[in-house]
Structures are given as structure tokens and as C-alpha cells.
Amino acid sequence: GRRKVDDDFLQLRVGRGRLPMLAEISYPNRRFGMDEDPLEEQMFRLAETPVFLEDVPIVLSLLEHHVCGVKGSRQLTLAFLQRLLQQAIFLHSYDEMKLVLLAEPKELDKLEYVKYLPHVWDNGKTIRFVATNPAEAYQISEYLRAEIGGDLERPRALHDILKARPYYVVFALSKRILDSMEVMKDVMQQEENCGVCVIAAF
């Protein structure tokens, strides 16, 4: 799995696409000359033409983008979120990444398995980070306020946060439940990442 010290920690694949090649090509500078060298011209043309790679994985870093939104038909959005959830679960340890799921009861039925994952429990197994109504969301909100409140009031570097506690990934499928959590409003207003990412899809 991916650990906090890994470069690809919390980088999830969102699809495949076309990306520019990130390699630097070294070649001599153009210089003025009386005679044209066709081979040299061909080298310059080749070196100066942008190169794109096709069908490469496109990844989303939840460390770099701590507030994300997913828009589309409900069926496609839920299928996409399922894939993100599964990547997060399979690639990351529950002691380094915690999942918070905010969903209406009818949609939680489609994600029933999430309730049984160790990623949705605090370390003492006393609170589960799954809410289907504002009362459950309030408990999670109070827990998170105690856990991250200091980082909201006195921001510190993300690598220091990651050394001290797990990273929280909030999947918010319900605006009603998300809006009932004051701590989430504070998280989303922060310019810097305070060790919590919100993925909103409603």
C-alpha cells in the first residue's frame, strides 16, 4: 500500500488521457551560420516539437486539492465515487487515512460495505465516521473539531500534520448533511490543506 512518506500518497486515478511528456531534451543552442545544415535543422525541429503521451493515467492528488467537486448524472457520479472510494481503501492503511461518508440512507444502501471498513472508525473504535442524518453528522463534527481544531486556528505545514495524525477524506454525497457540519465549512474555507479533503457530489 501507499504510505504517508510515498510521493503517490493519496493520489487517486480519475481516468486516462493525453498528457505532455515531462522529460527535458538537451540540445545545442541555435547559432548563426552561413551554411544551412539540414540535419541540424531536423534536430531543432524534433527537439522543439511538444511530445504528448496518449492513454496515460490521470491522477487527482487529494493533498494538493483539498476541496473537490464531482458533477454529472447521479448514476455515473455514484459509480465514479465508488471507484475513488475503492482505490482509497485498497491503497491506503486505515491508520494513515480515515474515510468520512455523508450520505442519505437510500444512497448508503449502495455503499453498505463502507460501514464495515476499519477506515471509517476512530482508533478507539468508539465512533464511526458514517452519517445519514444531522444527528450522526453532529457527533462526527464534534470529533473532527477536537481532532483538527488546532490546525484550523493555527495552520501548520501539511507534512507536520501527517506526522501527527491520519488524513481525513470526506465523501459528501448529501448537501443537507454536509451543511449541518460547521467544522466542514471551516475546512472548505481554508486556503491551506489542514489534513482534511472534501469530495462533494450532490
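The accessible surface of the protein chain comes to about 12,100 Å², and carbon and sulfur atoms contribute 54% of that area (Shrake-Rupley method, 1.4 Å probe). The model is a predicted one, in which local features need pLDDT of at least 70 and side-chain atom pairs count only at pLDDT 80 or more, while totals for chains, interfaces and linings use all residues. Residues are numbered from 1 along each chain as its sequence is written, and side-chain values use heavy atoms, with hydrogens and water left out.

Of the 202 residues, 41% count as buried, meaning under 20% relative accessible area with a 1.4 Å probe.

The protein chain holds seven helices and seven strands, taken as DSSP runs (H or I of at least four residues for helices, E of at least two for strands) and numbered from the N terminus. Along the sequence they follow the pattern β-α-β-β-α-β-α-β-α-α-β-α-α-β. The radius of gyration, 22 Å, is well over the 17 Å that the globule rule gives for 202 residues, so the protein chain is more spread out than a compact globule; the radius is taken over C-alpha atoms, and the rule is 2.2 Å times the number of residues to the power 0.38. Along its principal axes, the C-alpha trace spans about 80 × 40 × 30 Å.

Five strands form an open sheet with parallel pairing, in the order E3-E7-E6-E4-E5, where two strands pair if DSSP finds at least two bridges between them. Strand E3 (67-69) and strand E5 (130-131) stand at the edges with a single partner strand each, so one side of each is left without a neighbour in the sheet. E3 pairs with strand E7 (residues 196-200) in the parallel sense over three bridges, and Cys 68 has Ile 199 in E7 as its bridge partner.

Definitions and conventions. Buried means under 20% relative accessible area, exposed over 50%, partly exposed in between (1.4 Å probe, protein chains only).
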